[in-house]
Amino acid sequence: MPEAEQQNDANAPAGAGGDPPKTAKQLEKERLKAEKLAKLQAKLDKKAAAAPAAGEKKEKPEKRTKEVKEAAVYTAQTAPGEKKDLSGALPDAYSPRYVEAQWYSWWEKEGFFTPEYGRASIDAPNPNGKFVMIIPPPNVTGSLHLGHALTNAIEDAITRYHRMKGRTTLWVPGCDHAGIATQVVVEKLLWRDEKLSRHDLGREKFIERIWDWRREKGGRIYEQLKSLGSSYDWTRVAFTMDPKLCRAVTEAFVRLHEEGSIYRSSRLVNWSCTLRSAISDIEVDKVEIPGRTFLSIPGYEDKVEFGVLIKFAYKVEGSDEEIIVATTRIETMLGDTAVAVHPQDDRYKHLHGKFVVHPFSTRRLPIVCDEFVDMAFGTGAVKITPAHDPNDYEVGKRCNLPFITIFNDDGYIIGDYGEFTGMKRFECRKKILEKLKALNLYRETLNNPMVVPICSRSKDVVEPLIKPQWYVSCSDMAASATEAVRSGELKIIPEHHTKTWYHWMDGIRDWCVSRQLWWGHRIPAYHVSFTDPSLQTGSSAHGSVNDDEQYWIVARSEAEALTKAAERFGVDASKIVLKQDEDVLDTWFSSGIFPFSVFGWPDQTKDLQTFYPTSLLETGHDILFFWVARMVFFGQKLLGKLPFKEVYLHPMVRDAHGRKMSKSLGNVIDPMDVIRGITLEGLHAQLVGSNLDPREIEKAKAGQKQDYPQGIPECGSDALRFALCAYITQARDINLDINRVLGYRFFCNKLWNATKFALLYFTGSEKFDTELSASAAINQMDAWILSRLAAAIEACNTGFESYDFAAATSACYAFWLYDLCDVYLECLKPIFQSGSEEQQTAARRTLYVCLDYGLRLLSPFMPFITEELYQRLPRANPAPSICVASYPSNTSWRSTKIESDVEFVQKAARIIRSARSDYNLPNKVKTEVYIVCTDSVPSEILKRYASDLATISYCSNVVFDSPAPQGCAILTVTGQCEVHLLLKGLVEADKEIAKLQKKSDQLVQTVGKLTQAIQAADYATKVPAEVQEANETKLCESRAEIERIAAAIETLKLM
């Protein structure tokens, strides 16, 4: 590429026309130069031509602010859905805002993303096969985060690849109603704007408010997905609360209940007192604390103490003995119903069968034996609270103990406990401790590292409570899911995640699907009572442990429930009163049937018959159990088929420092901010408008200022997508550095400039196709670039088929940057300047193939820029869009012999360029090289590519079979091949020696400091491994450069 093209960047002006004798910039430069000379002359005149004192510094001209040029924007008056106006010239520099405008609405209107495109019907036979995938539906709340961007970058690349391979392709979009998250958001808005709670409105009106909010805000995520370029079939978009999907949820629940896979039971659940609802395990954050810690808990003015183990004594009934127990939740002792010891513990054998006395009630607590007790831990005696602890719950069942609930749904003490009754649970914690001390039952408080379960939605401490809930029986479904993976019927990629799969399946517990919310799929279960008082009625209260399942009817409608109830109880329907369960289903239930509910199940629709099962499920590894497993469960159970053949699990996105994304750290980034750019002030403003605690906002601002002191530059969707895919490896996490995204934005600029420059060679009206045989490559570098293109094609296809996205992105990047731009385009310049017509025609055809195929290879990763440039190519048989053009597969051009030869030539060129750099020779200064070989093989290779070697090493002439003159630097290529670089007359030896010596002295100092640091006694233990590695690399490079400089100095001394 010419220097003007290489220097072009994102700040270059758009549409500059004509070439005036001198530009404004040149005139300004001359004016400043004249001013500088005038100042210098005045200074010299004043000093009467006296020489300046030693060490006196020259005046520096006043620094000028670099002119910032506006990036190009698309200004044509094109209606949404119409094709972009391409009549104007390409802007001088790549501009994401210009490139990404208008294309998506045209793609969508043309129907390129639908499986019907180009086919008579969706079920028409396709020899290329089909590819079907569903979106992991994002929550309807809020906006996308970088995790969503990663998911979409990967999934869209996969989808676009399969579409370009000619397969019948469908990627279904949608959104999840996100029961808890959505309800919390709307409740907060309701309180903030109107100071009303949902209970003030009532259920129906509150749900209406949520639908209003959904209609107002719900489309935002879909627009963001379009901004990312995601090629969904929007004609099939699905929301989990759409009538079609609601019907499928009801049908699934009824069928599973009818065959015994869903049942009702009273068990321990994760309870959020703030939300007044059970929550799933994935909504519980396990917060590790190192010891005594005070945490802010919703509903409490003072911070609450955690991370301590309190020991207290229970007095043995009828004796002076006592048993000391320990707990991290002293308030739960109100619900103790036993003390457990190990049956083999000699310390307590004499107490077996005896009782201890509860200090705050008339309850006698039996001393029971259970092998779950660890004799070596603490005192070897454990307080048992069956209604409020998972382990104690199991002991309670084994020992037939009473289950006493001491908290209501809001976390207040209930029961006959005197002054404690009616207290909040953590206020009761402090009061009980005071009372135990007063009764002389308190023994000590110990520091205790522990895990505190925190509700991710409300930030409240999760409380285990016994509630009558609906459960899905999972053991049989888990066994089938395990067998599917073991047999290879279901493939999990990367394979190491199969261990996690087996772990979850082997330890499966039944799934609680009841949620005490208003927003969501209301459970299709009806409690039966009778108008005739002589008929017995069961209890349906949430607080009731004795919840009789026989009084619950599961049905598709109230009318069907009434018929079923009349049959079950043998009672006339007129005497039956039905009340539908107030609860809704866990959001994961509707997500679990998403792969077939989106296609119209339970109806046998054409979509369901054609597209189920899907081809692939792609998602993050963190929801392997919570979502993936449940889709497998329901697919096998309800349709008798796996919902997909493969599962690809991508890593989690962390920040550049490896930290989890957290609003309080200020490192949660909206992908739209990376695409469009945002100032630091803009990032700060987002925090102010968030749900963050005011005390956390300043901490988050500091984090943003540290990581993004200048804000986030505009990178564009293509660069973000490419960067995210380039990060994908077998690792569990991605440490995303925005600077790397910016690097790929510069790559887009290189791609833009290279294509823009290459198109200058296509000046006529001739159109080209990609049909080109290897024998048609008249110019030897044509054959080489076609071989490199074939290698890239092979690597990209292999990468996509094996989900090795890093390999595919690397192949694209290397082909465009290192092969096409750095070498081939440079080697074309002499051909188009002085080559024959035949050579130029052949080069033009080869160049076209490289541009066309090169853009197609990149298209799944970078859809916008590749479409923009593809549409500008002189195509003979164009596809209407690059997204429906065929993906390259031709690898017949591959020649490892040619690639090996050119690699040798490039090695020689690199050595020459490195030497030129050592001697400070600018590229515009051409020199001669003399090749001296003792082996004919390297000599013949260099002779064959002599003109190309001269071009890429900035030499005026490459001489063979002649003795090299005096004044040359001798460079070793191999043991049998040397290059003599003529320097005489091109460098001032004394000046260059002084420069090199100064540089060498600096390097010697660097080596000394590094060596001293490495030899420190505690270096290996105190210095991080990555710093040690960087120091070793720098040390080796510095020593090698010192040796090269020494050799260069010796050469210069001979001149």
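User: Is C246 buried, partly exposed or exposed?

Analyst: A word on the ground rules: this is a predicted model, where local features need pLDDT of at least 70, side-chain atom pairs count only at pLDDT 80 or more, and totals for chains, interfaces and linings use all residues. Residues are numbered from 1 along each chain as its sequence is written, and side-chain values use heavy atoms, with hydrogens and water left out. Buried means under 20% relative accessible area, exposed means over 50%, and partly exposed lies in between (1.4 Å probe, protein chains only). C246 has a relative accessible area of 22%, so it is partly exposed.

User: How many disulfides does a search of the whole structure find?

Analyst: Take C968 as one case: it is in no disulfide, and its nearest cysteine sulfur, that of C955, is 11 Å away. C968 also counts as buried, because its relative accessibility is 14%. For the whole structure, the number of disulfides found is 0.

User: Which side chain makes a polar contact with the side chain of T240?

Analyst: T240 sits in the loop between β4 (238–239) and α10 (243–258); helices (H or I, at least four residues) and strands (E, at least two) are DSSP runs, numbered from the N terminus. T240 counts as buried because its relative accessibility is 1%. Leaving out residues up to four places away in sequence, T240 touches several residues, among them C175, C246 and F594, where contact means heavy atoms within 4.5 Å. A polar contact is a pair of N or O atoms within 3.5 Å (within protein, one must be able to donate a hydrogen and the other to accept it, and residues adjacent in sequence count only if both atoms are side-chain atoms), and at 2.7 Å the partner of T240 is H177.

User: Now a helix. Within what arc do the buried residues of α12 fall?

Analyst: Helix α12 covers residues 425–438, and its 14 residues reach 20 Å from first C-alpha to last, close to the expected 20 Å; that expected span is 1.5 Å times one less than the number of residues. Its buried residues are R425, F426, C428, R429, I432, L433 and L436. An α-helix has 3.6 residues a turn, so residues three or four places apart point the same way. Looking down the axis of α12, the buried residues line one face, because the arc they fall within (taken from the directions from the helix axis to the C-beta atoms) is 140 degrees.

User: Which strands do the buried residues of α12 pack against?

Analyst: Just after α12, N440 takes a positive phi of about 60 degrees. The packing partners of the buried residues of α12 are β9 (304–306), β10 (308–316), β16 (442–447) and β18 (463–472).

User: In what order do the strands of the open sheet with β18 come?

Analyst: Two strands pair if DSSP finds at least two bridges between them. Strand β5 (residues 262–272) pairs with β18 in the antiparallel sense over 10 bridges, and N270 stands opposite P464 in β18. The edge strands, β6 (277–279) and β20 (511–512), each pair on one side only. The 4 strands are antiparallel, and their order is β6-β5-β18-β20.

User: What is the bridge partner of Y930 in β33?

Analyst: Strand β30 (residues 927–933) runs parallel to β31 (residues 955–960), with 5 bridges, and antiparallel to β33, again with 5 bridges. In β31, T927 has C955 as its bridge partner. In β33, the partner of Y930 is H980.

Note on methods
Disulfide = S-S within 2.5 Å.
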